[in-house]
Amino acid sequence: MLAGQVCKGCGQFIFGNAIVALGAAWHPEHFVCAGCGRPIGTTSFIPHEGQPYHSACFAQFVAPHCAYCGKPLIGEYAVDYWGTMFCKEHEREYPRCSYCGRLVPPQQQEPTHEPGTTRCPLCRATAIETIEDARPWYDEVKRWIGSQGLVYNNLPLSLELCSRDRLATLLRDRHLTHAYGATLSASYSLNGQKMYAEVRGVAVLRGLPAALFQGVTAHELGHVWLIVHDINHLPDWALEGFCELLAYRWHNSANTDEHRYHALAIERRADPVYGAGFRHLRAIADRVGFPQLLQTLQTSKQLPR
């Protein structure tokens, strides 16, 4: 008996049996499930936002459901960057999309694509498969590059979409196995020193989702600018860091969910050349300003001190 206590359900004084739960006292008939309205009694319940639920009602009315198998998520579960909630065991069962990190269950996997690469339906839907697909996105990035102060002296630049094997051939001298693009250039040596004689354009891996394709294009156009202006004696971390900074600025300017994801991936990259190089170049740009970074590179062929 809790004489003098007020039932939270009806607001009346309690005389007789009572249930104490959720920091309050209740008449037994008033301690009811917020889902079905039936009394809970002495059975177990799940609290949610100050209200009690039968376990089955919580699963039906409140609990989120796994995006992949549909089961109610009670207890621990996983949430990816995109806010997708799913059973933790699926992280061991399904591969992740190589481009956006989403899990790809068997029914969503495509039969053929680049070997060793998994692509989710969303990235597949915007995939750049042909030059006709690529041209508007490529031209948009080129215009943006010009607005940032990078000029190419009216150099005609081609675009090639290529397979992983073709890309590996283009990158064979740079020992890069996970790059998505390459600069198309011819080079020669003078007194044992490698010099660039001609830049023809850029090559990008076929099948990238549009947002990533644009970021890779911005990165490769950064290399074109460096070559055109004879900025080729910096260490690899400085060259790649500058181009990653350019891709990062593009993603931030586009500012969609997909672009923000790829910008964050650049920020978090642990690679000592691309990741550390980007963070070093971003720190310089934050300190002196991006226009001054360009000006110093173009005039002195060195990073600002």
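Mentor: Helices (H or I, at least four residues) and strands (E, at least two) are DSSP runs, numbered from the N terminus. This is a predicted model, where local features need pLDDT of at least 70, side-chain atom pairs count only at pLDDT 80 or more, and totals for chains, interfaces and linings use all residues. Residues are numbered from 1 along each chain as its sequence is written, and side-chain values use heavy atoms, without hydrogens and water.

Trainee: Where is glycine 37?

Mentor: Glycine 37 sits in the loop between strand E2 (24-26) and strand E3 (46-48). From glycine 37 to leucine 294 is 67 Å in space, C-alpha to C-alpha, and 257 residues in sequence.

Trainee: Why is glycine 37 called partly exposed?

Mentor: Buried means under 20% relative accessible area, exposed over 50%, partly exposed in between (1.4 Å probe, protein chains only). Glycine 37 has 46%, so it is partly exposed.

Trainee: What makes asparagine 255 partly exposed?

Mentor: Its relative accessibility is 45%, so asparagine 255 gets that label. Asparagine 255 lies in the loop between H7 and H8. Its phi is near 60 degrees, a positive value in a residue other than glycine. Most residues other than glycine have a negative phi.

Trainee: And why is lysine 301 partly exposed?

Mentor: Lysine 301 has 28% relative accessibility, so the label is partly exposed. Lysine 301 is in the segment after helix H10 (290-300), and its phi is near 65 degrees, also positive.

Trainee: How do you know that the span of helix H8 agrees with expectation?

Mentor: The expected span is 1.5 Å times one less than the number of residues. H8 (residues 257-268) has 12 residues, so it should span 16 Å; its end C-alpha atoms are 17 Å apart, which agrees.

Trainee: Which residues of H8 are buried, and what covers them?

Mentor: His259, Tyr261, His262, Ala263 and Ile266 are buried. Their cover includes helix H6 (210-228), helix H7 (236-254) and helix H9 (274-288), with contact meaning heavy atoms within 4.5 Å.
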